[in-house]
Amino acid sequence: MTTATPRAERIPRTRSFRALEPTRGGLVLRYIWLSIAAVACFFPFYAMVVLSLKPGLAVQFPQSLLPWNLSTASYEQVLGGQNVLVWLGNTLIYALVSVVAVLLLSAMAGYAFAKKRFRGKETMFWSFLAMVMVPFHVTLIPTFIVLAKLGGVDTYWGLILPTLANAQAVFLMRQFIQGLPDELFEAARIDGAGEFRIFLTIVLPLCKPVLATLGIFIFLWHWNDFLWPLIMAKSSDMWTLTVGIASLQQQNVPLSVMLAGSVVALVPIFLAYSVAQRYVQEGVTSAGIKG
Amino acid sequence: MTTTPTQARPPAAGGRPRGGSRDSRPPGRSRDGQGRPGLSKRLLGRREARIALIFVLPAFLLFLAFRFGPAIAGVGLSFFDYDISGELDWEGLKNFERMFADPTFWQALGVTLAYSVLAVPISLALSVAMALGVRRAFRGSRFFRSVFFLPVITSLVLAGAIFKWIFSTDGPWSAIMAPLGLGGSWLNSTVLVIPALVVVGVWSRFGYGMLIVIAALQDVPREHEEAALMDGAGAWSRFRYIVLPHLKPTLFFLAVIETTASFQVFDLVYVMTQGGPAHASYSLVYMLYDQGFKYTDYGYAAAIGVALFVMTLVVALIQRRVLGRQK
């Protein structure tokens, strides 16, 4: 905060006069309240890490939050128990398979909706759109019943397949591909490229930015998904991280072990976010993708 | 290298035989020599349609099987009695009669609405406040944005354990609130459990709204704000009369999104309170989950799903009304 003051002085001077630039005092004030908000926002993460490193402690606030007398015993317990690693693997399968499949399917459908003429196109497209309105919970029970009859409970395909029907992804892909110039496809067609080659070599590469944005969101959704895996994965070796860690919370597991599990589950998602931060923020602001 | 030839080709295509062969290539095998361009064009269109269908069908079939079908089945199921035994009995409106006579349903509806009424405005207000704080680039603005967005990508299931501790008797929340006479565990209080869930819910969602509001703030004309400043308008009146009117459509959109999301609150309740104490945080989706997957009373659970659907539709209708009036 103290280093901020000289900066505040410098910015208005190097630029042309801008009436709306905050005054020095205003900027200091802003740093203060933003920092308070940031600390409040970040506090749960800090507490999570510190308490996970303090096994067997009667957790008394505020002494418990001081970062000393740390031990990694809880992590050894969590990672040594095998379960967390199995759940991590399941979550990775659930998320990665879905990302690849949804991106491919929605890019194909989006391409056809954007650039092709065929009968029933409008009806199909609007039925996609209308379904965005229907809450997931209305479809939950029938989907579960049908999959249970087909033997999909406790299997990867039963878990993954229903989540591939993603109307929002199709809609976004169509929006993006509509903006691509027709000439590109025409030129390839004249060169004798088949439709599938056009799709693979022209459409997909051009869609890279939107695929990246959509991909990271689908990854996030699946990584954090809870109710669906909770219902579909019955045995503990089919659980995803969220289901497994929620079950730890229901048992009498020490707080530090539970938190160590949460930290282990959060690290990959934070890594993914730090790599793809730009796409995440752009996805929210330009496409309005739900977080 | 690659752009020049592709740009040159389309005009040349019409005149050269190469271009002609392109036109008649797919139907050429069957229609060659008949010289009816209209027909070959139609056939070409049919071929295009067939390819288009191949592209659309995988997504569309999945969609029919897992969204459209179940949505209709979900509404249909609410008129039946269907449980684990597998017998499907027509019940007519009995599930709904039972729902309206069920005090637990009204409790769940009340909890859901109370949560939404508190969480949505607080979340929106916080989104706007933080967006105003970081809207213009300054040293650290990106850092603040990222910190505020971090909870959005964090699963509430994973954050649940630490928040349970934060709200426990030994936790910091109790210590902070003790001077106000609100110490003790909020999660064990039938009155304070909803506000506690609202705190966590808002923590996990305001960053999303903040990003949306930041984008909308870029459309506020700077000159208007500067003019107001010259006229001696204070920060509050500049916000109230210049910025806020510009934000209205965005805030409205956000309010709809946040309301429908808060109607569906489940993860939070599941990990923090399991609906307790004494059903004080028993939300509608939690009830749906209980009825469907604990008591396997699928028909009744479907009826609760329909109630949720109707609530979402009401919000959507209000949205259309208001948007219509604005136009």
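## Basis of the model

The model is predicted: local features need pLDDT of at least 70, side-chain atom pairs count only at pLDDT 80 or more, and totals for chains, interfaces and linings use all residues. Residues are numbered from 1 along each chain as its sequence is written, and chains are lettered from A and ligands numbered from 1 in the order in which they are written.

## Chain A

Chain A contains 14 helices and zero strands (DSSP runs numbered from the N terminus, with helices being H or I of at least four residues and strands E of at least two). Of its 291 residues, 44% are buried, that is, with 20 or more other C-beta atoms, placed from the backbone, within 10 Å of their own.

## Contact between the chains

In chain B, 83 residues are in contact with 79 residues of chain A (C-beta atoms, placed from the backbone, within 7 Å). Helix α3 (residues 37-77) of chain B gives the most to this side of chain B, with 21 residues.

## Helices α6 and α9 of chain B

Helix α6 (residues 141-153) and helix α9 (residues 193-217) of chain B pack at about 125°, with their axes 7 Å apart; axes are lines fitted to C-alpha atoms over the stretch in contact, and angles run from 0 to 180 degrees between N-to-C directions. The angle therefore makes α6(B) oblique to α9(B), a class for angles that are not under 35 degrees (roughly parallel), over 145 (roughly antiparallel) or 65 to 115 (roughly perpendicular).

Residues Phe148(B), Phe149(B), Pro151(B) and Val152(B) of α6(B) meet several residues of α9(B), among them Trp203(B), Arg205(B) and Tyr208(B).

How values were computed. Contact = placed C-beta atoms within 7 Å. Buried ≥ 20, exposed ≤ 12 C-beta atoms within 10 Å, placed from the backbone.
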